[in-house]
Amino acid sequence: MISKIKKRIGLDFIILFIFLTHYLFTIESWHEITFIPMQGPPRNYIFSFIIFILLAVYFFISWADFKKEKKFFYKSILLFSIILFFIFSMLAYQIVLREKTNNPKYIHDGAVQTEEAVKFLSLGKNHYAVNYQNTSFGVFGDFYSGEERANPAWYYHVYLPFYSLFSVPFYKISSALFSFYDQRIVYGLLFLLSLFIIYKLPENRNMKLIGLIIFAFNPLFFPYLIQGYNDIFVFFWLLASLYLLKLRRFYWSAALLALACASKQSAWLILPFYFSYLYFLENKVKIFTQKIGLVFKKFIPFIIISLLIFIPFLIWSPNDFIEDIFLYPAGAATLNFPMIGYGVSSLVYKMGLVESTFDYFPFGLIQALIGLPLIYFLIKKQKKNNNLSNLIFSYGILLLVFWFFSRFFNNNYISYLSMIFLVGYLIEEKKPLGGKNR
């Protein structure tokens, strides 16, 4: 009897029930996390009522005596509907609220700077060589110094070129249709596309549903998506690249990997494991130079696309580009980002190794001394069992260590890591197809 009940209800329903009721019970305090003023009737009562109705229907489908194929199909359709209603109603509400109130607190400051960068690009201006103080981003002072000094982000744009380039068409279309633009329009689209890829990663049907629920309602991720953090942007391109690698679409995978690496620096650390994965696939080739040649051939789209994105900005204003994306996050610029977060940088300041959290400290040297041996160890492990899951977990572990010993280790970095580890767990490969190019 108990086993039949367990099979009927399913772990997917239990997880969905826990996540949704958690959000509904804490909806009164969401304004502290997402700045969504949902308290007060009748708005959140109606919202809660709809969610409970959808949960009841999901439970009915789980309990009913449908054939396995039909039950899985009905659950999938309903689950996508629940996610779209829950996430996009919150996202749309936040966007509209920001537009109506013109209040910058309804969006993350990084998204506002990106919007301004997109505007500069649309006007033919180099967004790495401009000052953001006299834009809408100028209302964000330097929080970490109590606004006693200029916000260094007014003078540096740390995000990589593809992030802004991809957003330009959305800015123009949204401005023409709605007379406003919110960067979360892009995030919402990429989140939607990510849902379909997450759904395709596992071969097991139950894991498809469970993975989808955990990804969409991940409490470490959901609030940051609503606020407008950009982690979903680099995550989508990386996820799409890995899915294409699962399908053995090597050239397309390399092309999308280039877009990920041209979006955010955090994607760069996957390269040694991605390259090793391709190298170990060529197990029928014994000559080292031939193996490297085959792997390099699969990397050609990555190289071409990366050069096409980066070189124009290096030519346009090399000093500004290098200072913004390398020196500023490393703490070696004129105005530095402070040492913050959960890593060793806080200890460096508390131990008196620097006079101020804005001072330079050679975190890069520490990262190299620890990271390089770690890469060697992880690649050796990957060689013994070369699969996508090991590739992704190795990337997550290296990124965790890299961030722990970096100048800053923020909350949303943990959010991003949680999504990477989830992908590493969910992704499954069919029987190896060898190293054949497609």
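Okay, let's start in a loop: Ser-179 sits between H7 and helix H8, which spans 184-200. Keep in mind that this is a predicted model. Is Ser-179 buried or exposed? Its relative accessibility is 65%, and the cut-off for exposed is over 50%, so Ser-179 counts as exposed.

Now hop over to Arg-248, in the loop between helix H11 (231-246) and H12. Here phi is again near 65 degrees, a positive value in a non-glycine residue. Relative accessibility for Arg-248 is 4%, though, and buried means under 20%, so this one counts as buried.

One more loop residue, then helices. Asn-218 is in the loop that links helix H9 (205-217) to helix H10 (222-227). With a relative accessible area of 9%, Asn-218 is buried, because the limit for that is under 20%. What does the Asn-218 side chain reach? It gets to the backbone nitrogen of Leu-220, at 2.9 Å. Leaving aside residues up to four places away in sequence, Asn-218 touches Tyr-23, Ile-213, Pro-223, Ser-418 and Met-419.

Pair one is H12, residues 250-261, against H14, residues 288-316. The angle is about 30 degrees and the axes are 7 Å apart. That makes the two roughly parallel, since angles under 35 degrees count that way. The crossing of H12 and H14 is right-handed. Who meets whom? On the H12 side we have residues including Phe-250, Tyr-251, Leu-257 and Cys-261, and on the H14 side residues including Pro-301, Phe-302, Ile-305 and Phe-310. Lys-297 and Lys-298 of H14 are in that contact as well. Sorted by type, the contact has 13 nonpolar residues, one polar and two charged.

Pair two is H6, residues 109-122, with H7, residues 161-178. This time the angle is about 80 degrees, and the axes are 9 Å apart. How do H6 and H7 lie relative to each other? They're roughly perpendicular, because 80 degrees falls in the 65 to 115 range. From H6, the residues in contact include Thr-114, Val-118, Lys-119 and Leu-121, and from H7 they include Tyr-163, Leu-165, Val-168, Tyr-171 and Lys-172. That contact divides into seven nonpolar residues, four polar and two charged.

So, to sum up the pairs: H12 and H14 are roughly parallel, while H6 and H7 are roughly perpendicular. That's it from me.

Key. Residues are numbered from 1 along each chain as its sequence is written. This is a predicted model: local features need pLDDT of at least 70, side-chain atom pairs count only at pLDDT 80 or more; totals for chains, interfaces and linings use all residues. Side-chain values use heavy atoms; hydrogens and water are left out. Axes are lines fitted to C-alpha atoms, for helices over the stretch in contact, and angles run from 0 to 180 degrees between N-to-C directions. Helices (H or I, at least four residues) and strands (E, at least two) are DSSP runs, numbered from the N terminus. Angles under 35 degrees count as roughly parallel, over 145 as roughly antiparallel, 65 to 115 as roughly perpendicular and the rest as oblique. A crossing is left-handed if the near helix is turned anticlockwise from the far one by less than a right angle, and right-handed if clockwise. Contact means heavy atoms within 4.5 Å. Ala, Val, Leu, Ile, Met, Phe, Trp, Tyr, Cys and Pro count as nonpolar, Asp, Glu, Lys and Arg as charged, and the others, Gly among them, as polar. Buried means under 20% relative accessible area, exposed over 50%, partly exposed in between (1.4 Å probe, protein chains only). A polar contact is a pair of N or O atoms within 3.5 Å; within protein, one must be able to donate a hydrogen and the other to accept it, and residues adjacent in sequence count only if both atoms are side-chain atoms.
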